[in-house]
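Student: Hi! I'm new to this one. Could you walk me through it?
Tutor: Happy to. Here it is.
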Amino acid sequence: MAQESPKNSAAEIPVTSNGEVDDSREHGFNRDLKHSLPSGLGLSETQITSHGFDNTKEGVIEAGAFQGGQRTQTKSGPVILADEIKNPAMEKLELVRKWSLNTYKCTRQIISERLGRGSRTVDLELEAQIDILRDNKKKYENILKLAQTLSTQLFQMVHTQRQLGDAFADLSLKSLELHEEFGYNADTQKLLAKNGETLLGAINFFIASVNTLVNKTIEDTLMTVKQYESARIEYDAYRTDLEELNLGPRDANTLPKIEQSQHLFQAHKEKYDKMRNDVSVKLKFLEENKVKVLHNQLVLFHNAIAAYFAGNQKQLEQTLKQFHIKLKTPGVDAPSWLEEQ
């Protein structure tokens, strides 16, 4: 018998009786290979490249991360897991969604209150103070409007008196027979014009101070009041929403909604309490500032008017000095911006 040629064990492919490939030897080979490899290198990290039988080189075992049939080189150093990149468009969409939901709840609360169906939180003491402030603001605006009208009319009168004084002075020089008479009237009109300018300065100072009080100080407080009222509407809207959920059934679907609603309600309650405290503090300081400002301005207005119509020029000038009011000299231009520096 001819001698049987040696066979390579890697080329043998056993076949079972039903024609399927017997892989028991392959499992055994992998098991033996696993024991023969150095510790720390698993089978999942190896890739065996087979060559043809006619290749003189032996099989090469290449180590590396094996994923999806492709080998990737491993790099030394710490492995850093990057955070998930946030999508700006999704963030904007989420903000719009929250804003729309909040607007819907607040609009529903406002309509419900106007129709008399919904309940609202009322702080009787604070609401009374806010109503008084708004009423006083209207009255102060009326005083401011009348003072501005008086200032305009007084300016026109002073301007007319100054022109009349100049006309009398001119006739005094040209009419020798009536020189003294025209001269007296010229001096009188010029004196009245001068006193009128002094009174006009006091009135304009009064107008500026009241205007600051009404259109800045009070208006700033009313802006805080508007924020407080918005916070109150949001608070009542989420309070109503929580009450409706608590009246419904409690199951696995509603409990997460109730917890979320409770969290939102608590957040808006804290905001409402903060705004209520801010309004209370601002109303207190506004009242103190208003009394101080109006006291000084009303004293100025009274003393200036009384001195002017009494013809007491010295007292009128003393009143302006008391309140540090400087009058512009007629015929003198305003200082340039270099002089103001």
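Tutor: A word on terms before we start: a helix here is a DSSP run of H or I with at least four residues, and a strand is a run of E with at least two. Also, this is a predicted model.
Student: Thanks! What does the UniProt annotation say about residues 123–150?
Tutor: The unreviewed UniProt entry labels residues 123–150 "coiled-coil region".
Student: And how much helix and strand does the chain have over that stretch?
Tutor: Residues 123–150 are 96% helix and 0% strand, with the end C-alpha atoms 41 Å apart.
Student: Switching to α2, where is that helix and how far does it reach?
Tutor: Helix α2 takes in residues 88–114, 27 residues in total. From first C-alpha to last it reaches 39 Å, close to the 39 Å expected at 1.5 Å a residue.
Student: What happens at the start of α2?
Tutor: A side-chain oxygen of Asn-87 comes within 3.2 Å of the backbone nitrogen of Ala-89 there. Just after α2, Gly-116 has a positive phi of about 80 degrees.
Student: Which residues of α2 are buried?
Tutor: They are Asn-102, Lys-105, Cys-106, Gln-109, Ser-112 and Glu-113.
Student: What covers them?
Tutor: The cover includes α4 (179–247) and α5 (254–310).
Student: New topic: Leu-222. Why does that residue count as buried?
Tutor: Leu-222 counts as buried because its relative accessibility is 9%, and buried means under 20%. Leu-222 lies in helix α4.
Student: Leaving aside its neighbours within four places in sequence, what is Leu-222 in contact with?
Tutor: Leu-222 then contacts Leu-133, Arg-134 and Lys-137. Leu-133 is 89 residues away along the chain, yet its C-alpha is 8.5 Å from that of Leu-222.

How values were computed:
Residues are numbered from 1 along each chain as its sequence is written. This is a predicted model: local features need pLDDT of at least 70, side-chain atom pairs count only at pLDDT 80 or more; totals for chains, interfaces and linings use all residues. Side-chain values use heavy atoms; hydrogens and water are left out. UniProt positions are given in the numbering used here, feature names are shortened, and annotations may be inferred rather than shown by experiment. The expected span of a helix is 1.5 Å times one less than its number of residues. Buried means under 20% relative accessible area, exposed over 50%, partly exposed in between (1.4 Å probe, protein chains only). Contact means heavy atoms within 4.5 Å. A polar contact is a pair of N or O atoms within 3.5 Å; within protein, one must be able to donate a hydrogen and the other to accept it, and residues adjacent in sequence count only if both atoms are side-chain atoms.
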